[in-house]
Amino acid sequence: MRTLLCIGIGMGEPDLVTPEAARALARADVVFAMDKGRGSDALNARRRSLYDALVPDGSARFVTLPDPVRDRESDDYLGAVGAWTDERAERYARFLRDELPDGGCAAFLVWGDPAFYDSTLRVAEEIQSAGYLDLTVEVHPGISSVQLLAARHSISVTRVGRAVTFTTGRRLRDEGLPVGVDDVVVFLDGECSFAGLPAAGLDIYWGANLGTPSEVLIGGPLEKVSTSIVEARGRVSGENGWVMDVYLLRRTRP
Ligand SMILES: C[S@@+](CC[C@H](N)C(=O)[O-])C[C@H]1O[C@@H](n2cnc3c(N)ncnc32)[C@H](O)[C@@H]1O
């Protein structure tokens, strides 16, 4: 039996990693990282220096796996993601079998928390259900970008008795704000989809590269700050070679 540790590492800052996650990290014999192309090197470098900071005498091997290419042109979005997950599961399983002796522990250092828009747990479940190998999966939570966003803006994501929706930039672009919801957290928006919304009556709390030296925060009425956010996003991307941003849209007149 092998063990797969799915460890939430927040934004890669040692201070934002829980002691439980740090203890799990110290048990890893092998640490897997994915090569996802643009920006991957910078994030994997943060994973490596986090390991060195939290496990100074650690001797885990770091193995970088090339990520399968996802079909981004397909009209069948869920089908394309399913095929990609299957391919990843097969690839991870092969590496786990080849690189990890029976009884060993491998770790995936998951950006933020595995519960938010991350495929690691889906892939781990696929490895188990496809019977590729005997695997125990452990999850150790981390601070998600949405929690850091709320903390940096000193706000609560929820309001009394209200619902919150988590969604993606793609859905916001295609479907607009969900009906009947006054608070929407948007991940994975490479296109500034907020800029296409009717802005009246909406506040935005936005953050890019949270928890890193290039962190930027902007908040306020959407009609006033939309343009500055688009500009700031472009600037952060240009200066760092990558940008990740997350935001809360809040109806002020529900
Ligand atoms: C694949 S999802 C992973 C989310 C991650 N599991 C989490 O808990 O934050 C990537 C998205 O998370 C958000 N994100 C991740 N890191 C971020 C950061 N440091 N600053 C702002 N947003 C971030 C962005 O919306 C990005 O497009």
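Visitor: What do buried, exposed and partly exposed stand for?

Guide: Buried is under 20% relative accessible area, exposed is over 50%, and partly exposed is in between (1.4 Å probe, protein chains only). This is a predicted model, where local features need pLDDT of at least 70, side-chain atom pairs count only at pLDDT 80 or more, and totals for chains, interfaces and linings use all residues. Residues are numbered from 1 along each chain as its sequence is written, and side-chain values use heavy atoms, leaving out hydrogens and water.

Visitor: Why does Phe-116 count as partly exposed?

Guide: Its relative accessibility is 24%. That lies between 20% and 50%, so Phe-116 is partly exposed.

Visitor: What makes Phe-187 buried?

Guide: Phe-187 has a relative accessible area of 8%. The limit is under 20%, so Phe-187 is buried.

Visitor: Why are Phe-116 and Phe-187 called a stacked aromatic pair?

Guide: Rings of Phe, Tyr and Trp (its six-membered ring) pair if their centres lie within 6.5 Å; planes under 30 degrees apart are stacked, over 60 edge-to-face, the rest tilted. Here the values are 6.0 Å and 20 degrees. Therefore the pair is stacked.

Visitor: What makes Phe-194 and Tyr-247 edge-to-face?

Guide: Their centres are 5.2 Å apart, with 85 degrees between the planes. The angle is over 60, so the pair is edge-to-face. Both residues are buried.

Visitor: How do you know that a charge sits over the ring of Trp-84?

Guide: The rule asks for NZ of Lys or CZ of Arg within 6 Å of the ring centre and within 35 degrees of the ring normal. The charged end of Arg-88 sits over that ring, 4.0 Å from its centre.
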